[in-house]
Amino acid sequence: MLGLELVVVLGAAVLVGNVLGQRFHVAPPVVLLVVGALIGFVPAVRQTQLPPEVVLLLFLPVLLYWESLTTSMREIRTNLRGIVLLSTVLVILTAGAVAVAGHALGLPWGPAWALGAAVAPTDATAVSALAGSLPRRQITVLRAESLVNDGTALVIYGLAVGITVGEEHLALPHVGALFLLAYGGGAAVGVAVAWVNMNLRRRLDDPLLGNLVMILAPFTAYLVAELIHASGVLAVVVSGLIMAQVAPSLIRADHRRQALAFWPLATFIINGALFVLVGVELQYALRHLSRADLRDALIAIGAVSVVLVAVRFAFLFSSAYLIRAIDRRPEQRLRRMSDRARVVSGLAGFRGAVSLAVALSVPQNLDSGEPFPGRAFIVFVTCGVIVVTLVVQGLLLPGVVRWARLPRDTSVDEEQVLAETTATEEAIQALPQLAAEQGTTPKVVEWLRQEYEANLATVRARGSGTDDDPALLHNRHYTDLRLALIATKRATVVRLRDESQIDDTVLRRLQASLDNEEVRLAGGEQVE
């Protein structure tokens, strides 16, 4: 029964946390962490420990896949060098700096490196939840860094634990082979899963089956990669990025509509539950520390949090000026970022799901049967660092963004106007030829031409930035009237059902059609 109770408690916590966050204008992840810590006082939840497999195999693939599907591939290509440096060199430097700090606080070198590997990678879902107001280029770099750096952290973690338990050895060729397997094998698995996914989607007409393939894709990529000891994270990311490029011309509209109804809700629930569970896990780890260990752990949380921010700031500024000194190409100058924007990026290095999963994956015992040194300490410090980055940095970030006075990013709106205008213009040009091929009557051709020209005028008016344009006024009146007519039709259909003139099955069919039309007119279908 505890499983069912936990599901209900988590669902209610996600609901309450998000409502409170919206009500008091606080980032929901911050509130969810607090709610999770409070839930830890509930007797039925007190002894609940989150298995690392739940995060690594259930939560992480879904969240990473959706982040990959909704990330700009063009921005990744443009900023590839910076993303690679952040996801490899910065992770290694951060893990090393944290290991030094951990060793200075009393941890042996192996567990200290395990702690460093746990807190080194940033979290893609936390970045999306807390840094969504940043310009597109910045948020894309932060998300891409978070999607890739997990592979580096997991290799470091594997080495640290393996050396501690006596299963690994530290040699440059061996370490190089591990990184090659992690990245090369993960990328290869991601490509293979995406290829299978594409071929299945071409052959499946049923949207339910097509979206089942989509749901299986991230889990399959992660599982296959882990079986060959490659990076499951990278396999999921590569598979998602490939599908994001081919999906617009491959996946049918009814498949896509169903997916867009499922994935945002699923990732919202999983992401919220994960933040709640971090708070719960913090409570659990707290109860397994002695008073002396708790004092040391609290000191470690503060020290490690400072180290994370300091190393990130130092790397962002030093690498930028080093690249400026080496690469003086004109295109490189166009990609330069202001120091204030770099401060914002430095503060946006949030930790989350992967850090928690790595810490929980630390084994309970060595091969000799003795306890793994400092495991409870590592779990508690990692949870504490996650809380500090989400709460402290999350609350500071909006003020820092205002201080940075970043230029408003209008590129997405401008490109949308360009796309809508060009698409509509070319559709109008193709209308006579298409009508002749279809044998359409002149009356229908003229009706469609007028509709498309009205739409084109509306798009151009939106792009001009004037709210009192006659085309916009016409469109507003047209939309309001159409919505009112839809409401009338819906009331009529419901009345017919209530009078037993039609069955509920007929009501649902007509209601789905009316809902689709209403959402389209109201402009409610937006996917980043």
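Visitor: Which residue forms a salt bridge with Asp205, and how far apart are the closest N and O atoms?
Guide: That's Arg252, with the closest N and O atoms 2.4 Å apart. Salt bridge here means a side-chain nitrogen of Lys or Arg within 4 Å of a carboxyl oxygen of Asp or Glu. Bear in mind that this is a predicted model, where local features need pLDDT of at least 70, side-chain atom pairs count only at pLDDT 80 or more, and totals for chains, interfaces and linings use all residues. Residues are numbered from 1 along each chain as its sequence is written, and side-chain values use heavy atoms, with hydrogens and water left out.

Visitor: Where do Asp205 and Arg252 lie?
Guide: Both are in loops: Asp205 between helix H11 (172-203) and helix H12 (207-227), Arg252 between helix H13 (232-250) and helix H14 (253-286), so the pair ties together parts that are 47 residues apart in sequence. Helices are DSSP runs (H or I, at least four residues), numbered from the N terminus.

Visitor: Is Arg252 buried, exposed or partly exposed?
Guide: Partly exposed, because its relative accessible area is 36%. The cut-offs are under 20% for buried, over 50% for exposed and partly exposed in between, using a 1.4 Å probe and protein chains only.

Visitor: How many salt bridges does the structure hold?
Guide: 15. Another one joins the side chains of Arg312 and Glu145, at 2.9 Å from N to O. Arg312 sits in helix H15 (residues 291-326) and Glu145 in helix H10, so this pair links parts 167 residues apart in sequence.

Visitor: And are Arg312 and Glu145 buried or exposed?
Guide: Arg312 counts as buried, because its relative accessibility is 4%. Glu145 is buried too, at 1%.

Visitor: What else is in H10?
Guide: Gln138, for one; H10 covers residues 136-165. Gln138 counts as buried because its relative accessibility is 5%. Setting aside neighbours within four places in sequence, Gln138 is in contact (heavy atoms within 4.5 Å) with Met337, Ala341, Val344, Ser345 and Leu406.

Visitor: OK, now Ser68. Which helix is that in?
Guide: Helix H4, residues 52-69. Ser68 is buried, with a relative accessible area of 0%.

Visitor: What is Ser68 in contact with, neighbours within four places aside?
Guide: Leu147, Val236, Val237, Gly240, Leu241 and Ala244.

Visitor: Switching topic: where's the kink in H19?
Guide: At Leu397, shortly before the proline Pro398; the kink is about 35°, and H19 spans residues 375-404. That bend is the angle between axes fitted to the seven residues ending at a position and the seven starting there. After H19 comes Arg405, with a positive phi near 50°.

Visitor: What about Glu446 and Arg449?
Guide: Their side chains meet in a salt bridge, 2.2 Å from N to O. Both lie in helix H21 (residues 442-464), 3 residues apart, about one turn of the helix. An α-helix has 3.6 residues a turn, so residues three or four places apart point the same way.

Visitor: Which residues are linked in the network with them?
Guide: Glu453 joins Glu446 and Arg449 in a network of salt bridges. Glu446 is partly exposed at 31% relative accessibility, and Arg449 is partly exposed at 27%.

Terms used. Helices (H or I, at least four residues) and strands (E, at least two) are DSSP runs, numbered from the N terminus.
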